[in-house]
Amino acid sequence: MDKLGVNRWCFHDRDIAPDAKTLAETNANLDEVVELAKELQKGTDIIPLWGTAQLFMHPRYMHGGATSSELGVYAYAAAQVKKAMEVTHYLGGENYVFWGGREGYQTLLNTDMKRELDHLAAFLQAAVDYKKKIGFNGILLIEPKPQEPTKHQYDWDAATSFAFLQKYGLTGEFKLNIECNHATLSGHSCHHELETARINGLLGNIDANTGDPQIGWDTDQFLTDISEATLVMLSVVRNGGLAPGGFNFDAKLRRESTDVEDMFIAHISGMDTLARGLRNVAKLIEDGSLGELVRKRYQSFDSELGALIEAGKGDFETLEKKAMEWGEPTVSSAKQELAEMIFQSAL
């Protein structure tokens, strides 16, 4: 990381320290490695972008953690998250992530979905309470994913996650960590998920990877597509940045890339692709043509009646009167091909 000039790292608790026979022994394992991490961070500006608890690989989590049908598992998951939040805070972490890989179901025939969702909300509220109790000021992030390893994951996509947070009164406490590969698995583009999060005030972090369009699972490849990176950075700029969130690479080398230098090449390529995307966004903004095209498309709403509608005051009676007065409305071209040409020209 020092060679790459990167000053943020991310971790799952069980990635850096293994499970032991008891929770106490497992916590001791984690404490030992966390002290090593603290020592390695000393004298540098390297700190965690985020930490998280890995609640999906151990057999105890076969039915989920916060949504398990077993109370003992729910309690164990809470204890594991509690510890992971503590060590993230201790290491100076800026965010904390929840990825619910097994918070979902395989079939509804044996599932009380309402009860599981209520339990998940209670779990997340308890995390909010504990975060405040220990003085951790980092952002809590939920990372949506539609499926795999479960058939259906409760935080399917950004819109589903937003609806869940709204229902349970948690919108002010959480933001989203959008992963591009998860977006495509849910049937959306990465740009769609980023924009859905952004316009709802939830864009907090980006898991900057990609998948293979010919393969229907989470391949976690480094992002090297300049076009996609430009769309990603367009959302980031519109969002006013991501801080205290940022970009992380939930990405892996391909199995056939076996040289140590491949780790450097992959990370450099991923970072340079995003940097290129940011430069392209600067071109689009400076040129102004794409923004002007969008402005013109909606310019009919830049009127007195349009302002009333957007203020929630456009009643049906008034609108009917205008429709009678105006007759058949004119419909302008959406100029999609021109928009695509302007965008491609910036690449």
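Hi everyone. Before we start, this is a predicted model, where local features need pLDDT of at least 70, side-chain atom pairs count only at pLDDT 80 or more, and totals for chains, interfaces and linings use all residues. Residues are numbered from 1 along each chain as its sequence is written, and side-chain values use heavy atoms, with hydrogens and water left out.

Let's take the whole chain. It has 13 helices and 11 strands; helices (H or I, at least four residues) and strands (E, at least two) are DSSP runs, numbered from the N terminus. Its C-alpha atoms fill a box of roughly 75 × 50 × 40 Å along the principal axes. Of the 347 residues, 41% count as buried. Buried means under 20% relative accessible area, exposed over 50%, and partly exposed in between, with a 1.4 Å probe and protein chains only.

Now the sheet. In what order do the strands of the open sheet run? The order is β1-β2-β3-β5-β7-β8-β11, seven strands with parallel pairing. Two strands pair if DSSP finds at least two bridges between them. At the edges are β1 (8–12) and β11 (247–248), each pairing on one side only. β1 pairs with β2 (residues 47–52) over five bridges, in the parallel sense, and His 12 has Thr 52 in β2 as its bridge partner.

Please find β7, residues 174–179, next. Is β7 mostly covered or mostly open? Mostly covered: five of its six residues are buried. β7 pairs in the parallel sense with β5 (residues 139–142) over three bridges, and there Ile 142 is partnered with Leu 176 of β7. β7 also pairs in the parallel sense with β8 (residues 203–207), this time over four bridges. In that pairing, Glu 179 stands opposite Asp 207 in β8.

Let's move to helix α7, residues 190–199. Seven of its 10 residues are buried, so α7 is largely enclosed by the rest of the structure. The buried ones include Cys 190, His 191 and Leu 194. What covers them? The cover includes α5 (158–167), β7, α6 (180–185), β8 and α8 (226–238). Just after α7, Gly 201 takes a positive phi of about 70°.

Last, some helix packing. Axes are lines fitted to C-alpha atoms, for helices over the stretch in contact, and angles run from 0 to 180 degrees between N-to-C directions. Contact means heavy atoms within 4.5 Å. Helix α2 (residues 23–41) packs on α3 (residues 71–90) at an angle of about 15°, with the axes 11 Å apart. That makes α2 roughly parallel to α3; angles under 35 degrees count as roughly parallel, over 145 as roughly antiparallel, 65 to 115 as roughly perpendicular and the rest as oblique. Among the residues that meet are Leu 30 and Val 34 in α2, and Ala 79 and Val 87 in α3. The residues of this contact of α2 with α3 divide into seven nonpolar, two polar and four charged. Here Ala, Val, Leu, Ile, Met, Phe, Trp, Tyr, Cys and Pro count as nonpolar, Asp, Glu, Lys and Arg as charged, and the others, Gly among them, as polar.

α3 also packs on α4 (residues 113–133), at an angle of about 30°, with the axes 11 Å apart. α3 and α4 are therefore roughly parallel to each other. Their contact has nine nonpolar, one polar and three charged residues.
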